[in-house]
Structure formats: C-alpha cells, structure tokens
Amino acid sequence: MSGLIYTSIASLDGYVADTNGDFSWAAPDEEVHRFVNDHEREVSTYLYGRGMYDVMVAWETAGDDEDDQPVIRDFATIWRAADKVVYSTTMSSPRSARTRAEGQFDPETVRRLVAEADGPVSIGGAHLAAAALRASLVDEVHLLAVPVAVGGGTRFLPDDLRIGLRLMDQRQFDSGVVFLRYAVRA
C-alpha cells in the first residue's frame with residue numbers, strides 16, 4: 001500500500017450512513033476489525049472532513065479501559081500513532097493529539113503531503129474523498145461491503161463521479177462482509 005487510499009465501510013447498496021445518519025450496521029466484528037487493524041497499521045496520516053473526524057476522535061480515549069477487547073486497544077494505538085489533518089472551516093482547535101486543522105481542502109497541498117509521507121495516507125469521509133477523487137489524487141479504494149441494504153443516505157461514491165478501477169485484492173469474512181481493494185486507473 002502506498003499513496004492516497006480511500007477506505008470505507010458501506011452497505012451493499014452503496015451508503016456509508018443511512019438517511020438518519022446511522023451507521024451502526026457497519027460496526028465490524030472482531031475478525032473484520034483485526035483485518036482493518038492490519039491494513040491501517042502502516043498509515044502515516046489520516047485526512048478527515050469534520051464529520052468523519054467527529055466520529056473518529058473517540059479513538060483518542062477508546063481502548064483505555066482494561067476491559068476493552070484487544071482489537072479495540074490495538075486500533076486505538078494505531079490511530080493515535082498517526083498524524084491527522086481535519087478539513088473544516090469551523091474547527092479552531094482539534095480534540096486529539098497529532099492533529100491539525102486546515103480551513104480548505106487544497107489538492108496541490110494534499111499531493112505534496114502524500115508524496116512526502118513516510119507511509120500510506122488515508123482519506124476518510126465520503127464528501128472529502130469525493131473531492132480527492134475528482135482531483136485525481138486517490139491511488140486506491142478499499143471497500144468493506146456490509147451485507148445490508150439501507151435504501152438511502154450518504155453515498156460511498158458521489159453520483160457524478162466516473163472513474164476506472166482495477167481489482168487488486170478481495171476477501172470474504174464469516175460475517176458476509178467482503179473486502180475489495182481497487183487501484184484507481186489513470
């Protein structure tokens with residue numbers, strides 16, 4: 001893995017959250033979570049929109065309880081070790097370590113950040129990822145497809161985007177979740 005990677009968990013009908021903003025159906029079981037941890041271990045930097053950051057910042061303290069599952073503690077360690085950039089016009093100071101806020105998403109700045117990174121850079125949040133995909137910045141798309149249809153909500157990919165993808169890897173889990181790893185064709 002290298003470059004800029006858009007990773008997401010989505011319903012089979014292509015949504016990251018339903019019409020009420022709920023994504024509880026996407027919570028990974030231990031097998032899937034362990035797999036995600038192994039894939040995220042090399043990430044040097046996470047790029048988030050404000051909404052995704054507000055979800056992910058829970059990892060700043062998650063896993064601190066000795067009763068937490070090892071897979072939870074492991075992901076918390078991985079997340080805390082990486083740098084984070086939050087794109088927000090309203091956030092003045094982030095609520096996590098190793099995090100900085102940027103007012104606007106600038107494709108050229110992101111291109112330089114990815115080129116200079118010590119490892120893969122992950123972009124999270126459907127809206128921010130759409131901007132990066134439109135700017136031809138994304139090198140790979142990693143999708144965890146959950147066997148549920150939610151009927152509407154926030155789309156994994158925007159309706160007006162047309163890109164070519166080449167399947168590089170796939171894996172099916174006991175829960176029915178399927179991991180798909182694609183390279184974005186130039």
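**View 1. Polar contacts of S96.** The side chain of S96 makes a polar contact with the side chain of T99, at 2.6 Å, a polar contact being a pair of N or O atoms within 3.5 Å in which, within protein, one must be able to donate a hydrogen and the other to accept it, with residues adjacent in sequence counted only if both atoms are side-chain atoms. A polar contact at 2.7 Å joins the side chain of S96 to the side chain of Y53. This is a predicted model, in which local features need pLDDT of at least 70 and side-chain atom pairs count only at pLDDT 80 or more, while totals for chains, interfaces and linings use all residues. Residues are numbered from 1 along each chain as its sequence is written, and side-chain values use heavy atoms, with hydrogens and water left out.

View 2. S96 lies in the loop between β4 (83–87) and β5 (99–102), strands being DSSP runs of E of at least two residues and helices runs of H or I of at least four, numbered from the N terminus. S96 counts as buried because its relative accessibility is 10%, where buried means under 20% relative accessible area (1.4 Å probe, protein chains only). Not counting residues up to four places away in sequence, S96 touches Y53, V57, E60, W79 and K84, contact meaning heavy atoms within 4.5 Å.

**View 3. The largest nonpolar core.** Among the 26 residues of this core, L4, Y6, L47, F105, V110 and I123 touch the most other members; a nonpolar core is a set of buried Ala, Val, Leu, Ile, Met, Phe, Trp, Tyr and Cys residues joined through side-chain atoms within 4.5 Å. The largest share of this core, five residues, comes from α5.

Methods
Buried < 20%, exposed > 50% of the residue type's maximum accessible area, 1.4 Å probe, protein only.
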